[in-house]
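Subject: Structure for you to look through

Hello,

Here is the structure I said I would pass on.

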Amino acid sequence: MSIQVDDPILEVQGLYKSFGAVRALGGISFSLGRGEVLAVLGDNGAGKSTLVKCIAGTHVPDAGRIVVDGREVSFRSPREARDRGVEMVYQDLALFGNLSAAQNFYAGRELVWPRWAGRAGFLRERAMLAETRATLDRLGVGIPDIKADLAQMSGGQRQAIAVARAVTFASKIVILDEPTAALGLREGARVHDLVRLLADSGVSVILISHNMQEVTELADRAVVVRRGQIVGEEIPTPDNHARIVSLIVGAIPGITEKKEKR
Amino acid sequence: MDSAVLDRTSEQRRARALEVALRVLGAGPVLILVALCIAIAIARPVFFTVVNLQNVLLQSSAVAILAIGSLVVIVTGGIDLSIGSTMALATVIGWLVFQPLGASSGILVVLAMIGLGLVVGLVNGLAYVLGRIPHPFIVTLAMLSIAQSIGTVITHGQPLPGMPDLVNWLGRGFIGVIPVPALLVAIVAILASLFLKRTQWGRWIFAVGGDTEAAKRMSIPVPGVLISAYVICGGMAGLAGVLLAGNIGGASATVGQSAGGLLDAIAAVIIGGASILGGRGTVFNCLIGALLIGVIRNGLALMGFSPFLQGLLVGTTILLAVQLDVVRTMVERRIRTIQANVGAL
């Protein structure tokens, strides 16, 4: 089956990926609207991480098409995805405890001077610092000292920095892998605000989460992945939690499975 | 409500106080060095004479260069055990170039020594990264053995006297009262510091050492960064070979393993507060570490103690410096907890 929206920012068609004998993705198709927050749900090992990693360039799919903003892409690395406006916030955040907030912000894509010196170029520390401060202020993320090492920051502050980094550099799609799993309530709420801000600014969000309340609160739409296939699609409301959970664990046969039986 | 606000500001004040404590702990190596110098000077006023300080600098220069090279590798989270043998082999290679060409071969000899170091570093880096050998400890342990063996075969284990004037000048010359090798160390230290702290590649060295996985995710060319660190370290070992050859006025394949070589260099880096797990360390503190070891050795000689006591004192200093670092990490964690409680987002 395929779940389509009009004028999508992202279209995924028939995505397959196997690791040795294990089939992680068995022909997944869906699309993502502009400014939409789409929750991808599924039990552990259902294939949701593999799916988003294919979109973010960490994995290369075996077969299938990925179309970003009307152009077919085949990312071979996260850098290629990033260059096309697709950023991912990993569950482990991909942050450096020994670097400051500002240094983390620009890790791997530092501003240098002079340009021709390339990687031997000098870091434009002040420009990066100012830019980081401006972005964090704009997003309402209060970091007491953005020059302090990240090792001194709380889980919520780190998460906020990782999300803010993705927000700054993603022009089209941000993928969030369990963004609040490790956070307390208050810090989680701040990350939720960030996600909303992101969607309001026209960037699309793919949200992986196990927290149904979070999904209801943030997502415009949810797709459920089971055994490498999309087995259902719902608009999450407080009323259909139970139904969605049943889809996730397989208590209700999914749409594709019904079709197979026919 | 009011008390909650008060509570929050007092917590923030505590966090700030802890941050100050963190800075003081970061200055630990300098404080140890200053205290040691004062103690020795009180016992033996001759310590603070020009000649004696010159001696300290002359004795510490090669170790300081080795330590700067080690620092680059240690910041990536690695280790290079081969620097001592590489330094020794470099003196031998320099001597081989010097022999047929004679006194005017200075620049060639220097280039040959540094070049040998770069090649050894490149082999280390390639074997570790491309050969996928699990830990640089293994690769560089093998290289320690190989370089030492080659050097010993060439020299038959004998010291070989004779070096061109340029090398002798670099190793034990003076400009005014300043020893040339100390000046060289200063220049290398400034360049290394600029490279590590101010360039994009230098930042990537810290990023790789901080978290290799994250570095990959952020598209930092991890293999290239790692290989470059070993090449730089090897080059430094070659340069240290120049200073050593100049200092002893010849070549020797059997120097450089313990005191005055590998172990002193790594000790200097660790005393300087660099993390052996990677990601943290400064060139400046590394020099402080090298000086500290030089001062310990010098102080023992001045007081007429057995030079073999050096190991005891250096070892104690390592433990002391690392203990300070452990306290530092605890303070860091405390700050993190306060940040989370205050919820300053």
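Predicted model: local features only at pLDDT ≥ 70, side-chain atom pairs only at ≥ 80, totals over all residues.

Residues are numbered from 1 along each chain as its sequence is written, while chains are lettered from A and ligands numbered from 1 in the order in which they are written.

First, the two chains. Chain A gives 35 residues to the contact and chain B gives 24; two residues are in contact if their C-beta atoms, placed from the backbone, lie within 7 Å. On the chain B side, α9 (200-210), α10 (212-217) and α14 (309-342) each supply at least two residues. Helices here are DSSP runs of H or I with at least four residues, and strands are runs of E with at least two, numbered from the N terminus. The largest share of that side, six residues, comes from α9(B).

Next, the sheet in chain A. Four strands form an open, antiparallel sheet in the order β2-β1-β4-β5, where two strands pair if DSSP finds at least two bridges between them. Its edge strands, β2 (22-32) and β5 (71-73) of chain A, each pair on one side only. Strand β1 (residues 10-19) of chain A is joined to β2(A) by eight bridges, and L10(A) stands opposite L32(A).

Then the helices. Two packed helices are described by the angle between their axes and the distance between the axes. Axes are lines fitted to C-alpha atoms, for helices over the stretch in contact, and angles run from 0 to 180 degrees between N-to-C directions.

The axes of α9(B) and α11 (residues 222-248) of chain B come within 10 Å and cross at roughly 105°. That makes α9(B) roughly perpendicular to α11(B). Angles of 65 to 115 degrees count as roughly perpendicular, under 35 as roughly parallel, over 145 as roughly antiparallel and the rest as oblique. In this contact, W204(B), I205(B) and V208(B) of α9(B) meet residues of α11(B) including V222(B) and L226(B).

The axes of α3 (residues 50-75) and α12 (residues 262-271), both of chain B, come within 8 Å and cross at roughly 60°. α3(B) and α12(B) are therefore oblique to each other. Among the residues of α3(B) that meet α12(B) are V63(B) and L66(B).

Regards
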